[in-house]
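Let's take a walk through this one together. Have the viewer open, and we'll go from the overall build down to individual pairings and then out to the chain contact.

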2 protein chains.
Amino acid sequence: MTAPSFAERLSARQAETSSLVCIGLDPDPQRLPLHLTSEHNAAQAVIAFNRAIIEATVGAAAAYKLNLAFFEALGSESWNVLQATLNTIPKAVPVIADGKRGDIGNSARFYAHTCFDLLDFDACTVSGYMGRDSVAPFLDHPGRGAFLLARTSNPGGSDFQKIEYQGRPLYEHVVRTALAWEKPGNNRAKGSLGFVVGASDIEALRRIRTLAPDSPLLIPGVGAQGGNSSDVLEAIREGSGPVLVNSSRAILYASAGRDFDHAARQAAETLRMSLAVALS
Amino acid sequence: MTAPSFAERLSARQAETSSLVCIGLDPDPQRLPLHLTSEHNAAQAVIAFNRAIIEATVGAAAAYKLNLAFFEALGSESWNVLQATLNTIPKAVPVIADGKRGDIGNSARFYAHTCFDLLDFDACTVSGYMGRDSVAPFLDHPGRGAFLLARTSNPGGSDFQKIEYQGRPLYEHVVRTALAWEKPGNNRAKGSLGFVVGASDIEALRRIRTLAPDSPLLIPGVGAQGGNSSDVLEAIREGSGPVLVNSSRAILYASAGRDFDHAARQAAETLRMSLAVALS
């Protein structure tokens, strides 16, 4: 009997919560409720904020995604804040390190070690511009996963990802190429490779779902960035890989007052329900 | 009078040292001299190692590059080790944060803040797959710089960087596109944008030097990875942008004994001399 793959663990959590929602923790000290920042230093305020958000939303969350840019910016406290936040999340909930790492094989092994062995994240996001040896070390940890950037939802996402190569957009070439890295002969853990595809390009989402129907997908860009839930559901209807729809600011900052956690719970629950039909 | 740009500061340091050498600090705890690891814990050993390497090599170094993967892997001590290492490097020597960051604008601003405002690095490496808003925040800090990944020297570097678009390799399209981001109308600091181009693809180095003759270049892959100094010098002969040739392992681990710092100095000095002709 082999241990479950990352894709299987994520699917199990989604079935248990009837949720596709990934809650993105992007704790911006400038946007935390005033009562937290006035009572604590920045690091303590972020810990208190994250804990309250997690406790309020965990029932609606299939997964959490920690944006490492916001943790790093806490300087000497960043590691402690990261660990304190991770300790608040129940073990059954997959947690993604969103750092978009991508470096030569030797460096990538160190990044994967930090992410999976030291911090015990379940998955991470990676950038594939440097090719196979920059991604492979993240696929070698049984039960863990990596979401490779394919089509992103930001304004600059079209600068390179949509250029045409052999009659297809680059993001599609990235997905096709990466799928070959996961083949059994290449010694990668099955169910470890997923893709990041923004909700703002539904055509790209549809193409990638067709190319990689079993792969986990991480979909940012619903809500604030313009994507909408029903289009996403339509685009992923075929295929069996677990899909996460990420929302960060719309949940974290649903209210700037003392009721921020209740407002976050409500926002998360509303998103969960708008997507739950996909699991039935 | 405007403050000098990153390119100008780097050129000044190169003229002062007659050096194109960038020394890459990739401190792997498994490869440190035994007498350091037996006397100290991992974090202290890395600090002692970095200090000794820097003191031995600073006369031959135009710049240092800290590979963040190796620092992060020190866990809760990583921030202190980073700061202790940076404090050892004289202010006149440009220091590059090699983290290959690349995320949407809001996250990229946090990464740039950590890099330039908190840690006071002079430059960093960035990955451009997510396009202009993922790179721009690194170009907005006067006197600082960013090296955008163009053509990398690792085995997977050819997976995507060489695909043909409009009759040219993707890396060339990346360089052309990024140069437009630096135009005055785009409010970027002049002399802030550079490129990473590996020494293992001399044809790519020649093309990028021609396209961006004034831009700083960071060139890994000489020595261990197969590139050779005279080919690099030939390829960069035209153009005026400051060029850094990076060497990491061949300098750091030139000896595994108590003479590791002297051996590092010798390796750095040998590389400096093999390249110095380019500055005369």
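Start with overall dimensions. A compact globule of 280 residues would have a radius of gyration near 19 Å, and chain A comes in at 18 Å, so the two agree. Keep in mind that this is a predicted model. Along its principal axes, the C-alpha atoms of chain A fill a box of roughly 55 × 45 × 40 Å. If you like burial numbers, 57% of the 280 residues of chain A count as buried. And if you take the contacts in chain A between residues at least 6 apart in sequence, 73% of them join residues at least 24 apart.

Now for the fold. Chain A has 13 helices and 10 strands. Eight strands make a closed barrel with parallel pairing, and going around it you pass β1-β2-β3-β4-β5-β8-β9-β10 of chain A. On average, neighbouring strands of this sheet are turned by 30° against each other, ignoring direction.

What does β5(A) pair with? One partner is β4(A), residues 123-126, joined to β5(A) in the parallel sense over four bridges; here C124(A) stands opposite A146(A). Another is β8(A), residues 193-197, again parallel, over five bridges. In that pairing, L148(A) has F195(A) as its bridge partner.

Follow F195(A) onward and you reach β9(A), where F195(A) stands opposite L217(A). β8(A) and β9(A), the latter spanning residues 217-219, pair in the parallel sense over two bridges. Packed on the sheet here is helix α10(A), residues 202-211, which touches β5, β8 and β9 of chain A. The direction of α10(A) makes about 165° with that of β8(A).

Finally, zoom out to the two chains. How many residues does each chain bring to the contact? Chain A gives 43 residues and chain B gives 43 residues. On the chain A side, the elements giving two or more residues are α4 (68-72), α5 (78-88), α6 (105-118), α7 (132-135), α8 (157-161) and α9 (170-181). α6(A) gives the most, with seven residues. Sorted by class, the side of chain A that touches chain B has 16 nonpolar, 21 polar and six charged residues.

Definitions and conventions. Residues are numbered from 1 along each chain as its sequence is written. Chains are lettered from A and ligands numbered from 1 in the order in which they are written. This is a predicted model: local features need pLDDT of at least 70, side-chain atom pairs count only at pLDDT 80 or more; totals for chains, interfaces and linings use all residues. Two residues are in contact if their C-beta atoms, placed from the backbone, lie within 7 Å. Ala, Val, Leu, Ile, Met, Phe, Trp, Tyr, Cys and Pro count as nonpolar, Asp, Glu, Lys and Arg as charged, and the others, Gly among them, as polar. Two strands pair if DSSP finds at least two bridges between them. The radius of gyration is taken over C-alpha atoms; the globule rule is 2.2 Å times the number of residues to the power 0.38. A residue is buried if 20 or more other C-beta atoms lie within 10 Å of its own, exposed if 12 or fewer, and partly exposed in between; C-beta atoms are placed from the backbone. Axes are lines fitted to C-alpha atoms, for helices over the stretch in contact, and angles run from 0 to 180 degrees between N-to-C directions.
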